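Subject: The model, and what turned up in it

Hi,

Here is the structure I promised to pass on.

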Amino acid sequence: MSLFLYALSFVLNFNSNNLMIQRIQSLYLFLAIVLMVLTFVFPVWGFTVNGNTSLLYNYGIDTQQPGFSAPFLYPIVLCITAILTIGLYGWAFCSFKKLGRAALLTVFALLATVGFLVILGLVVYDLQSAQSLSGNILQVGALVPVIAFVFGCLAFRAIRRDQALLRSADRIR
């Protein structure tokens, strides 16, 4: 545990050519990026087809069922939405000097995260109604975007706090 805390303190205090994380919203955005990348690692949904368990990933469906046919478009739409969300969070992370742009990009990233979750729900609903699926099992990959959404909300709140602080400092001058 102490090794983890040491590594975390090293990352947060890393100072090479002015590349130090200075604000908490950068940490929140970084965690949201990492969590959205983890949606490509973990399955987002599990279901049973005739006794065989299948897993839905962002990039495809892993099944042992011969003859199982799922539309090819579902994983593509999930993958594109996840990449868009990662890109928006990343762009907001890199826009730390322009807080207005970072706030706007964070809002768009939050909307993209909600869009990802809505599309995931539609895909699961359509697969369930089109195929004879039973035993729908929520997987870790479906919960990770929810946690990323929470970190995105925290980042937006921290960006707004910084904007208010800068406005009050400008009034003092």
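Below is what I found, going from the whole chain down to single residues.

First, the ground rules. This is a predicted model, with local features needing pLDDT of at least 70 and side-chain atom pairs counting only at pLDDT 80 or more, while totals for chains, interfaces and linings use all residues. Residues are numbered from 1 along each chain as its sequence is written, and side-chain values use heavy atoms, with hydrogens and water left out.

**The whole chain**

The protein chain has five helices and four strands. Starting at the N terminus, the order of elements is α-α-β-β-β-α-α-β-α. (Helices, H or I and at least four residues, and strands, E and at least two, are DSSP runs, numbered from the N terminus.) Of the 173 residues in the protein chain, 37% are buried. In these notes buried means under 20% relative accessible area, exposed means over 50%, and partly exposed is in between, using a 1.4 Å probe and protein chains only.

The protein chain exposes about 10,300 Å², and carbon and sulfur atoms supply 68% of that area. (Accessible areas come from the Shrake-Rupley method with a 1.4 Å probe; for residues, only the protein chains shown count as cover.) As for contacts, meaning heavy atoms within 4.5 Å, take those in the protein chain with a separation of 6 or more: residues 24 or more positions apart account for 69% of them.

**Helix α2**

Gln-25 lies in helix α2 and counts as buried, at 4% relative accessibility. Its side chain makes a polar contact with the side chain of Asp-162, at 3.1 Å. (A polar contact is a pair of N or O atoms within 3.5 Å; within protein, one must be able to donate a hydrogen and the other to accept it, and residues adjacent in sequence count only if both atoms are side-chain atoms.) Setting aside neighbours within four places in sequence, Gln-25 is in contact with Leu-99, Ala-155, Ala-158, Ile-159 and Asp-162.

Ala-32 is also found in helix α2, and is buried at 0% relative accessibility. Not counting residues up to four places away in sequence, Ala-32 touches Tyr-89, Ala-148, Phe-151 and Gly-152. Ala-32 and Cys-153 are 121 residues apart in sequence, yet 9.8 Å apart in space, C-alpha to C-alpha.

Because Phe-30 sits in helix α2 (residues 24-38) and Phe-93 in helix α3, the pair ties together parts that are 63 residues apart in sequence. Phe-30 is partly exposed, with a relative accessible area of 38%, and Phe-93 is partly exposed at 24%.

Ile-76 is in helix α3 (residues 73-94) and is partly exposed, at 33% relative accessible area. Together with Phe-72, Leu-73 and Ile-80, Ile-76 makes a nonpolar surface patch of about 440 Å². (Patches are made of residues with over 30% relative accessible area and no salt bridge; like charges are joined within 9 Å, nonpolar side chains (Val, Leu, Ile, Met, Phe, Trp, Tyr) within 5 Å. A salt bridge is a side-chain nitrogen of Lys or Arg within 4 Å of a carboxyl oxygen of Asp or Glu.)

Over in helix α4 (residues 99-130) you will find Thr-113, buried with a relative accessible area of 0%. The side chains of Thr-113 and Tyr-89 make a polar contact at 3.2 Å. Leaving out residues up to four places away in sequence, Thr-113 touches Thr-85, Tyr-89, Pro-145 and Phe-149.

Ile-119 is in helix α4 too, but is partly exposed at 23%. Beyond its neighbours within four places in sequence, Ile-119 is in contact with Val-77, Leu-78 and Thr-81.

**Strand β3**

Last stop: Ile-61, in strand β3 (residues 60-62), is partly exposed with a relative accessible area of 24%.

Cheers
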